[in-house]
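This report concerns a single protein chain and its computed structural features. The sequence and the model are shown first.

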Amino acid sequence: MNPTDPTLPAASPKVVIDHLSAWFGATPALQEISLNIYPFERLAIIGPAGSGKSTLLRCLNRLNDLTPGFRSQGQVFLDGQELLTSPVDVAQLRRKIALVNTDPTPLPGTVFDNIAIALKMAGVRAPAQIDERVETGLRNVFLWDEVKDHLHDPALHLTNEKRKRLSVARALALEPEILLLDEPCANLDHVSATRFEDSLEELKQRYTIVMATNDIKQAARASDKTAFFLKGELVEWSSTRKFFTQPDQPRSHAFITERF
């Protein structure tokens, strides 16, 4: 890692991860991770399977707490508030830091219901407000024009790519501050993946985006910063352009050369 990289922004970070380690039982998953995430940027976390990418995402909104045997050490701050050891409203935290999993499955019901149910669970009751938030969520992922005449069709009838965008729309309807994407383009064809990546460029105007991906070409295309993980260790972190053209670490260079 090169925290003095001049390509990194001088603005205050949205999230500060400070010497974070994690274990599942006796198995280490993260080792002393220190990393800043800045407002309104797309951060790609790359590395081979088992390198700790998904574990890090799930630490940020404490979903790992639900896994028996999980424990962590270190600190994570959101806008200066410590999240792991201080008292936190976890439900509220997960609305602020929303996670979309690798294979998001639509909820039973219609396209409209998939977003409306999340709003109702968050306490939104006024029908007009629900209608507005559903439309806004779908527009945020450029899905509105494609489904506006099919809002009351079963969501399971959507293509895989549209299901992914619907899941992001459901997360965005709750107005999070940070969007976590775990392998967002897994199982998508190139055209669908490109369309999804293009949407991230627009979404970063309003949200901070953290994306874990095994596809380093996707990271090179669709991120502003890149963090490279290997066996639970943060090897390097810098602007995406610098990482892919002038990596500091030999392990980074070897990984890029092997995967491109």
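## Largest pocket

The model is predicted. Its largest pocket holds about 610 Å³ of space. The lining consists of 21 residues, and those closest to the pocket centre are Arg94, Leu99, Ala118, Arg170 and Leu174. Two or more lining residues come from each of α2 (90-96), β6 (97-100), α3 (111-121) and α6 (160-173).

Strand β6 supplies the largest share of this lining, with 4 residues. By residue class, the lining comprises 14 nonpolar, 4 polar and 3 charged residues.

## Arg42 in strand β3

Arg42 belongs to strand β3, which spans residues 42-46. Its relative accessibility is 7%, below the 20% limit, so Arg42 is classed as buried.

Beyond its neighbours within four places in sequence, Arg42 is in contact with Leu200, Glu201, Lys204, Ile209, Arg221, Ala222, Ser223, Asp224 and Lys225.

## Salt bridges

The whole structure contains 18 salt bridges. In one of them, the side chains of Lys14 and Glu177 meet at 2.7 Å, N to O. Lys14 lies in the segment before β1 (15-24) and Glu177 in the loop between α6 and β7 (178-182), so this pair ties together parts that are 163 residues apart in sequence. Lys14 is buried, at 13% relative accessible area, whereas Glu177 is partly exposed, at 29%.

Arg195 is partly exposed, with a relative accessible area of 37%. Through shared partners, salt bridges join Glu146, Glu161, Lys162, Arg165 and Arg195 into one network.

## Cysteines

The count of disulfides is 0, on a criterion of cysteine sulfur atoms within 2.5 Å. Cys59 is buried, at 3% relative accessible area. Cys185 is also buried, at 12%.

Key. Residues numbered from 1 in each chain as written. Predicted model: local features only at pLDDT ≥ 70, side-chain atom pairs only at ≥ 80, totals over all residues. Heavy atoms only, no water. 1 Å grid on protein atoms, 1.4 Å probe; cavity = no way out; pocket = protein on both sides within 12 Å on 5 of 7 lines; lining within 4 Å. Points joined across faces, edges and corners; volume = space filled by probe spheres on them. Nonpolar A, V, L, I, M, F, W, Y, C, P; charged D, E, K, R; others polar. Buried < 20%, exposed > 50% of the residue type's maximum accessible area, 1.4 Å probe, protein only. Contact = heavy atoms within 4.5 Å. Salt bridge = Lys/Arg side-chain N within 4 Å of Asp/Glu carboxyl O.
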